[in-house]
Amino acid sequence: MNSSVDVEAAARNFLARTEEHLVSYLEACVHCGTCAEACHFYAASGNPKHTPAYKLVPIAKAYRRQKFPLAWLGLAPRIGPSDLQEWEELLFDTCTMCGRCTSVCPMGIDIASIVAGARQAFVAAGLGPKDLLAAADSSRDHGSPLGLTAQKLRERMEWLADEHDVPIALDKPRAEILLTISSIEVMKYPESVVAMAKLLNHAGADWTLSSKGYEATNFGYLAGKADVARLMVERIVAAAEAVGAKTVIVPECGHAFGVLRWSAANMLGRALPFAVLHISEYLAQLKRAGRLKLRPLTDSITYHDPCQISRRGGATEDARYLLEGFAEDFREMAPTGVYNWCCGGGGGVQAIGRAADLRHKVFKIKMDQVEQTGAGTMVSSCSNCRLTMDESKEHWKWGGGLASLVELLADHLESGGART
Ligand code: SF4
Ligand code: SF4
């Protein structure tokens, strides 16, 4: 934490911005401890501070300081530098907002939304991890967290189209579909963008990317910067409206899907004039319509459910439908679907450098899951999961394979193009 921060002012600011509705969760928690074993951070570390219910502590302390009768008597505990230090780690480094704890909580307490709200209060107080905040600022100033400006997007798409001999539609004046991308893909896994283009072209879809609104990964939301979160959403909505898109496709990025599908309309205060689909949902639609023809995959694979697409996103079955009849040796890991374990890098944790050791420990859970299936490759449909797992794979020198769902599908397209 920045030593120049005025702790008293920061604490006051945090208190002032702690929203009342979050406090209702304090009253609801019956302290049963059921959530502890559901959290990958606690499962990996055994540290009681990593239990989900402990994430209520900052809100609880802020509440008691302001509202509890002790506060009126001047007896409430003070909030000092050590509190803020601990809370920063609690709210940012050790919660991926995966929602697994909520799925077992008898009171349905939504720890992920508490953490999201508390992050906003924390950042408004001038605090928060520098690297995560820098990613949000870069999104505001340059269009993406990794510095992918509109100009760089144009250059990269032109290069990818040439290199892979695939048309990549950019800035068409009108299109049925606006495809968005994650700069994680463009900068680290560009084949993923090529794969999406191949799949959409194969189906004969009328689609485009837009240099006015392309970045789907919303670091404003992850970093607790509500103004940046809204700006990122506004850019995509404006781009979609400009081309008259009926559908906006979110690429392989879990949190991008969560924000655009489930939060964007609330952020803007109006309904979105288009459908928001994760790429796996859209591809499943194509397959149902007979517009996706694939050659069979014989290698053994298993599937990692990205939390924001499956557990919190509701698109658990579409990935499996895509694999059905295509992946001849598909092996479910256990637990799977909405109870699958998190990769450990969601919720912006991937971008927090000091959280790397804990992330690597969490990945051992995933390694065990995959090894128990005996599958040679783990497939995911989230580039943030992929990046997290790639880094941890390297850390542990793990030999398991990792693959992207869209790349796997694009690599097995039957020649001959769309069947409409
Ligand atoms: S949302 Fe996920 S990471 Fe956060 S406390 Fe719950 S189980 Fe742990
Ligand atoms: S499972 Fe729910 S009620 Fe029980 S301790 Fe955790 S948050 Fe509280």
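Visitor: Where is the place of H31?

Guide: H31 is found in the loop between α2 (20-28) and α3 (40-45). Helices (H or I, at least four residues) and strands (E, at least two) are DSSP runs, numbered from the N terminus. This is a predicted model, in which local features need pLDDT of at least 70 and side-chain atom pairs count only at pLDDT 80 or more, while totals for chains, interfaces and linings use all residues. Residues are numbered from 1 along each chain as its sequence is written, and chains are lettered from A and ligands numbered from 1 in the order in which they are written.

Visitor: What is the phi of H31?

Guide: The phi of H31 is positive, about 55°, although H31 is not a glycine.

Visitor: Is the peptide bond from A334 to P335 cis or trans?

Guide: The bond from A334 to P335 is cis, and its omega is near -10°. P335 sits in the loop between β6 and α17.

Visitor: Which residues come nearest to ligand 1?

Guide: A residue is near a molecule or strand if its C-beta atom, placed from the backbone, lies within 6 Å of it. There are 14 residues around ligand 1, and the nearest are C39, P52, C95, C98 and C101. This shell has 10 nonpolar, 2 polar and 2 charged residues. Ala, Val, Leu, Ile, Met, Phe, Trp, Tyr, Cys and Pro count as nonpolar, Asp, Glu, Lys and Arg as charged, and the others, Gly among them, as polar.

Visitor: And which come nearest to ligand 2?

Guide: Around ligand 2 there are 13 residues, of which C29, C32, C35, A53 and C105 come nearest. The shell of ligand 2 holds 10 nonpolar and 3 polar residues, with no charged ones.

Visitor: How should I read a sheet, and in what order do β5, β6, β7 and β8 stand?

Guide: Strands of a sheet pair through backbone hydrogen bonds, either parallel or antiparallel. Here 4 strands form an open sheet in the order β6-β5-β7-β8, with parallel pairing; two strands pair if DSSP finds at least two bridges between them. β6 (327-330) and β8 (401-404) are at the edges with a single partner strand each, so one side of each has no neighbour in the sheet. From one strand to the next the twist averages 45°. Strand β7 (residues 377-380) runs parallel to β8 and is joined to it by 4 bridges. In this pairing S380 is opposite S404 of β8.

Visitor: In what order do β1, β2, β3 and β4 stand?

Guide: These 4 strands form an open sheet with parallel pairing, in the order β2-β1-β3-β4. β2 (207-208) and β4 (275-278) are the edge strands, each pairing on one side only. Strand β3 (residues 247-250) is parallel to β4, with 4 bridges between them, and I249 has L277 in β4 as its bridge partner. Helix α13 (residues 226-243) packs on this sheet, touching β1 (177-179), β2 and β3, and its direction makes about 145° with that of β1. Helix α15 lies across β3 and β4, at about 95° to β4.

Visitor: How is a helix pair read, and at what angle do α6 and α7 cross?

Guide: Two packed helices are described by the angle between their axes and the distance between the axes. Axes are lines fitted to C-alpha atoms, for helices over the stretch in contact, and angles run from 0 to 180 degrees between N-to-C directions. The axes of α6 (residues 81-93) and α7 (residues 111-124) come within 9 Å and cross at roughly 135°. That makes α6 oblique to α7; angles under 35 degrees count as roughly parallel, over 145 as roughly antiparallel, 65 to 115 as roughly perpendicular and the rest as oblique. W87, E88, L91 and F92 of α6 make the contact with V115, A118, R119 and F122 of α7, where contact means C-beta atoms, placed from the backbone, within 7 Å. By class, this contact of α6 with α7 has 6 nonpolar, no polar and 2 charged residues.

Visitor: At what angle do α17 and α18 cross?

Guide: The axes of α17 (residues 356-373) and α18 (residues 383-396) cross at roughly 90° and come within 9 Å. The two helices α17 and α18 are therefore roughly perpendicular to each other. In α17, R359, H360, F363, K366 and M367 meet T388, M389, S392, H395 and W396 in α18. The contact of α17 with α18 has 4 nonpolar, 4 polar and 2 charged residues.

Methods: Contact = placed C-beta atoms within 7 Å.
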